[in-house]
Amino acid sequence: MVRVRTVSLQAARRTALAAQGFADPRPRGEPTRQHLRRVLSRIRLIQLDSVNVAVRAHYAPLFARLGAYDPALLDDAAWSHSSRKPRLLVEQWAHEASLVPVADWPLLRSEAKRPGWWRSYGRLVESSPTLVEDVLAVVKELGPVGAGTIEREVVGESKRAPGSWWNRSDVKKICEWLFGTGELTTGARRGFERLYDLTERVLPPEVLSRTVDEAEGARELIDRAATALGVATEPDLRDYYRLRPDSSRQAVAELVEAGRLEPVMVDGWHQQAYRHVEARTPRAVTGRALLCPFDPLIWERARTERLFGFHYRIEIYVPQPQRKYGYYVFPFLLDGELVARVDLKADRASSALRVRGAFAEPCADRARVAVELARELAHMADWLGLDGVAVEQRGDLAEELRRSCAR
């Protein structure tokens, strides 16, 4: 019987932080495309979300790891293409709607992936095959093109053809279904509006031509998830790309057999964990970062609680009187610990990064946390082009943070 090694919770935490890039120092100068590549080699994907209270979710994880950078660095990598700077990222359903490396596209087309919510539109597709043809024809002619333009073209055309009228919501559903099945992807974005294009015009032929079966897709995606997480349970690994449970369990077993994953026990965890063979465990993790709700370090809330003893829930959909911490709360990472949380809003009218609530964790050194948090908030405000930080009264850290920001 093989003896399974036990690792301390502190070591598991440092392993996870190093895997996510938080053991790397921020660049001294302006972050470059090479810095972006390094972050992507660690976290593997960036989740997209439409909420824009403080900053769009896909920009925040890079700021947490690189500090102030030009958002055009990410925009160019995801939504533009030239012979000098080929596209690095493409949109696909991964954890949720995400930006993933172009080379990973075929893996996410395999049967290892759990079916997406857009599959429910399959019945509309079956009952309305000409609608699919109409949408594809518009995109082929006009793409990259927004859903609104597609609706106008398709609905307007169908009105001239008796018996085949489509309503606008059906057109949007078909766009989502074609995006989910991979026939369409995002060719560009206008603001945050997705502009659809034919996938064959966005991705290189060698990527589109690669076919991956379920077992291979699961193995490669679990290996990537393990690289990004460092040490994790099988459900943690599965959740990173939202894989089928049976595919994930089989892939974990095969990667253990191949020596890519090492079974370990983590103090305080009830489930078996796995450490990636290439993971490193630094002696200490220093530095600070504000983590948006969709940062891959913390998006699996149960794992966040196991790793950091930090209970975290996003309260966007909670009625305001029932919110404990606020609408859009950023946990604050300081020297490898989650020590506080702040409810943030970029108030463009007053040119201030508004802290609507500030809360310290029970065991945190409140004076030091306030000083370091004030510095990171000032750094974020400057990055967002705001004139300063305004701290409101809510929260047990608010008064101390306000004094630190004033200094």
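Reader: At what angle do the axes of α12 and α13 cross?

Author: This is a predicted model, where local features need pLDDT of at least 70, side-chain atom pairs count only at pLDDT 80 or more, and totals for chains, interfaces and linings use all residues. Numbering starts from 1 along each chain as its sequence is written, and side-chain values use heavy atoms, with hydrogens and water left out. Helices here are DSSP runs of H or I with at least four residues, strands are E runs of at least two, and both are numbered from the N terminus. With axes as lines fitted to C-alpha atoms, for helices over the stretch in contact, and angles running from 0 to 180 degrees between N-to-C directions, α12 (residues 214-229) and α13 come within 9 Å and cross at roughly 105°.

Reader: Are α12 and α13 roughly parallel or roughly perpendicular?

Author: Under 35 degrees counts as roughly parallel, over 145 as roughly antiparallel, 65 to 115 as roughly perpendicular and the rest as oblique. The α12 and α13 pair is therefore roughly perpendicular.

Reader: Which residues of α13 make the contact with α12?

Author: Contact means heavy atoms within 4.5 Å. On the α12 side, the residues include L221, I222 and L229. On the α13 side, they are D236, L237, R238, Y240 and Y241.

Reader: What is the volume of the largest cavity?

Author: On a 1 Å grid over the protein atoms alone, a cavity is a set of points where a 1.4 Å probe fits but can't get out, while a pocket is an open set with protein on both sides within 12 Å along at least five of seven lines; lining residues have an atom within 4 Å of a point. Points are joined across faces, edges and corners, and a volume is the space filled by probe spheres set on them. There's one cavity of 30 Å³ or more, and the largest cavity comes to about 50 Å³.

Reader: Which helix gives the largest share of the lining of the largest cavity?

Author: The lining includes L229, D236, D239, Y240 and W299. The largest share, three residues, comes from the helix spanning residues 234-241, α13.

Reader: And the largest pocket: which residues lie nearest its centre?

Author: That pocket has a volume of about 320 Å³. Its lining draws at least three residues from each of domain 1 (5-110 + 212-276) and domain 2 (117-208), with bounds from an automatic or database domain assignment. Of its 20 lining residues, those nearest the centre are W93, K113, R114, P115 and G116.
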